[in-house]
Amino acid sequence: MKKQFLLPFALAAAITTSLAAPAHALDLGKLLSGDTLSKGLSVLSNAGEALNTSVKGLTPEQEEVLGHNVMANLLGAAPLMNDAKVQRYVNQVGLWVAMQSEQPHLNWRFGVIDTPNINSFAAAGGYILITRGLWDRIRSEAELAAILGHEITHVTQKHHVKALISSKSQQAGSDLISIVADYNSGKSGAKAGEKGGKALSEIFVRGLDKNDEYVADVNGMVLAARAGYNPYALVSVLQLLGSVNASDSTVALLFSTHPSPQERLDNIDQVVGEKLEGYADATENTKRFNQVKR
C-alpha cells in the first residue's frame, strides 16, 4: 500500500475524536435568528470604539459577534448545502486542522454553502465557509485541509478585524460605530443587524491585504503539515484555480479579491520552496474523502 493512503496515528485518533463531536456547521443555520442577532448587537456595545483604537481592544466575545453577523449575511445570500454528511465531514477535517493552530480551543465552525461560485470565507470568532463550487473541485482531503488551513490563519491572525481598522476600511469601522449607536438608541435589532451585515461583509468584496493572503497560504501549509497532510496540496489547489478561465463568472469575486494564483504560487516558491519537502509524503487522500465525494 502506498504511504500517502495511510493515515498517520495522530490523524486517525483525531478522526475518531471528531466523529464524536457535534456537527457545528449545522448550527450555522441559527445565525439568521433575530434573537441571536439582537443579543450579538448588545455585546458589540463597545466594539465600535475599540475598532477605532486597536485590534487588541476587541474581546473574544466581540470578535465572535463580528463574525456571527458576517456569516449571517453570507448565509442569507447562500444557504448551507443540504448534505449533512458533507457538512459533518468538512467539520471533522476543519476541527483537526484548527487544533494545530495557536487557537485550538476557539469555537470553530465550518460549513459548505450552496453556490456554484469558487471561493472560501473566514470571519472572526472561528467561522469558516467554503462554497459548493470549490468543494466540487477539491480532489483530495489534503487539498481541503490546505484550504481550511488558509482560512483558519485569517482568523487566528485577525486579518478581517485588522482590515476593519485599516485605512481602506475606515468606512466600515464608522458604519459599525453607527450600528452600535442605532442599537443603543433603541432602533430595532433587525434593522441594525441588516446594516451591520452589509458593513462587515464589505471586507469580502474589497478583499484583504495581499500580504495577508500570502501569510495565510504559507501558514496554512504549515497547519496542514502539522495535521499530517501533504502541505503542497495547496500548490495543486492554486494550479487548479489557475486553470480556470479568468472570465468565468464563478471565480470573479475570488480573482478580484486575491492575488492571482500564479502570484501566490510564486510567493510559496520563494518563501517555502522545499522547506516542507519532508512532509510531502504525508496523507494525500483518505477513504472517508472518497466516500463523501461520491
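Which residues does Thr 115 touch, not counting residues up to four places away in sequence? They are Ala 78, Thr 131, Arg 132 and Gly 133, where a contact means heavy atoms within 4.5 Å. This is a predicted model, in which local features need pLDDT of at least 70 and side-chain atom pairs count only at pLDDT 80 or more, while totals for chains, interfaces and linings use all residues. Residues are numbered from 1 along each chain as its sequence is written, and side-chain values use heavy atoms, with hydrogens and water left out.

**The chain as a whole**

- The chain has 15 helices and three strands; helices (H or I, at least four residues) and strands (E, at least two) are DSSP runs, numbered from the N terminus.
- Of its 294 residues, 54% count as buried. Buried means under 20% relative accessible area, exposed means over 50%, and partly exposed is in between (1.4 Å probe, protein chains only).
- Take the contacts in the chain with a separation of 6 or more: 74% of them come from residues 24 or more positions apart.

**The sheet**

- The three strands make an open sheet with mixed pairing, in the order S1-S3-S2. Two strands count as paired if DSSP finds at least two bridges between them.
- Strands S1 (109-113) and S2 (120-123) sit at the edges with a single partner strand each, so one side of each has no neighbour in the sheet.
- On average, neighbouring strands here are turned by 15 degrees against each other, direction ignored. Axes are lines fitted to C-alpha atoms (for helices, over the stretch in contact), and angles run from 0 to 180 degrees between N-to-C directions.
- S1 pairs with S3 (residues 127-131) in the parallel sense, over five bridges.

**What covers the strands**

- In a regular strand the side chains alternate between the two faces of the sheet.
- S3 is largely enclosed by the rest of the structure, because five of its five residues are buried. Tyr 127, Leu 129 and Thr 131 are on one side, with Ile 128 and Ile 130 on the other.
- S1 is also largely enclosed by the rest of the structure, since five of its five residues are buried. Arg 109, Gly 111 and Ile 113 take one side, and Phe 110 and Val 112 take the other.
- Helix H4 (residues 60-77) lies across S1, S2 and S3, running at about 20 degrees to S3.

- Thr 115 is found in the loop between S1 and S2. Thr 115 is buried, with a relative accessible area of 12%.
- A polar atom of the Thr 115 side chain lies 3.3 Å from the backbone nitrogen of Asn 117.
- Ala 84 belongs to helix H5 (residues 84-98) and counts as partly exposed at 37% relative accessibility.
- Ala 84 and Gly 111 are 27 residues apart in sequence, and their C-alpha atoms are 9.9 Å apart in space.

**H7 against H11**

- Helices H7 (residues 141-156) and H11 (residues 210-226) pack at an angle of about 125 degrees, with their axes 7 Å apart.
- That makes the two helices, H7 and H11, oblique to each other. Angles under 35 degrees count as roughly parallel, over 145 as roughly antiparallel, 65 to 115 as roughly perpendicular, and the rest as oblique.
- On the H7 side, the residues making the contact include Gly 149, His 150 and Thr 153; on the H11 side, they include Asp 212, Ala 216 and Gly 220.

- Most residues other than glycine have a negative phi.
- Lys 158 is not a glycine, yet has a positive phi of about 55 degrees.
- Lys 158 sits in the loop between H7 and helix H8 (159-164) and counts as partly exposed, at 26% relative accessibility.

Terms used:
A polar contact is a pair of N or O atoms within 3.5 Å; within protein, one must be able to donate a hydrogen and the other to accept it, and residues adjacent in sequence count only if both atoms are side-chain atoms.
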